[in-house]
Amino acid sequence: MPFSNRAAIKEFILKHVAERSGATLPNAVPDSFDLLEQGIIDSLGLVDLVAAIEAGSGVEIDLSAIPLDELTVVGALATCVDKAVVAARSGDTTKATCKQ
């Protein structure tokens with residue numbers, strides 16, 4: 001699993017969406033940056049991003065625990081994925097959740 005920590009996950013998310021969308025992102029993207037509101041990603045792009053995250057981590061991500069208005073927010077998504085990866089590494093499950 002290449003995602004060693006939340007910062008690496010955030011970097012992966014930003015790199016992936018920039019490559020797929022051709023968008024130029026700011027140098028320092030805050031956790032509150034909403035990819036949908038900024039026009040960087042759409043619903044199909046989100047599906048593509050989640051598939052890439054799952055392929056890269058080997059973990060099926062249960063996104064139902066993230067409120068819809070936070071699903072495309074970089075920080076919220078990175079935190080969710082980090083929790084899922086940590087859970088999977090500890091052997092809890094192969095389908096990890098973002099729930100607290």
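Colleague: Let's start with aspartate 31: how exposed is aspartate 31, and what is its relative accessible area?

Modeller: Aspartate 31 is partly exposed, at a relative accessible area of 35%. Keep in mind that this is a predicted model.

Colleague: Which side chains form salt bridges with aspartate 31?

Modeller: The general idea is that side chains of opposite charge can pair when their charged atoms come close. Here, arginine 6 meets aspartate 31 with N to O at 3.0 Å. That pair links distant parts of the chain, 25 residues apart: arginine 6 sits in helix H1, aspartate 31 in the loop between H1 and H2. Lysine 10 also bridges to aspartate 31, with the closest N and O atoms 2.9 Å apart. Lysine 10 is in helix H1 too, 21 residues from aspartate 31.

Colleague: How do I read the way H1 and H2 pack?

Modeller: Two packed helices are described by the angle between their axes and the distance between the axes. In this case the axes of H1 (residues 6-21) and H2 (residues 43-57) come within 11 Å and cross at roughly 130 degrees. That makes H1 oblique to H2. The crossing is right-handed, and the contact includes Phe12 and Arg20 of H1 and Asp48 and Leu49 of H2.

Colleague: What is the N to O distance between aspartate 48 and arginine 20?

Modeller: Their side chains meet in a salt bridge at 3.2 Å. Aspartate 48 lies in H2 and arginine 20 in H1, so the pair ties together parts 28 residues apart in sequence.

Terms used: Residues numbered from 1 in each chain as written. Predicted model: local features only at pLDDT ≥ 70, side-chain atom pairs only at ≥ 80, totals over all residues. Heavy atoms only, no water. Axes fitted to C-alpha atoms, helices over the stretch in contact; angles between N-to-C directions. Helix = DSSP H or I, 4+ residues; strand = E, 2+ residues; numbered from the N terminus. Parallel < 35°, antiparallel > 145°, perpendicular 65-115°, else oblique. Left-handed = near helix turned anticlockwise from the far one by under 90°. Contact = heavy atoms within 4.5 Å. Salt bridge = Lys/Arg side-chain N within 4 Å of Asp/Glu carboxyl O. Buried < 20%, exposed > 50% of the residue type's maximum accessible area, 1.4 Å probe, protein only.
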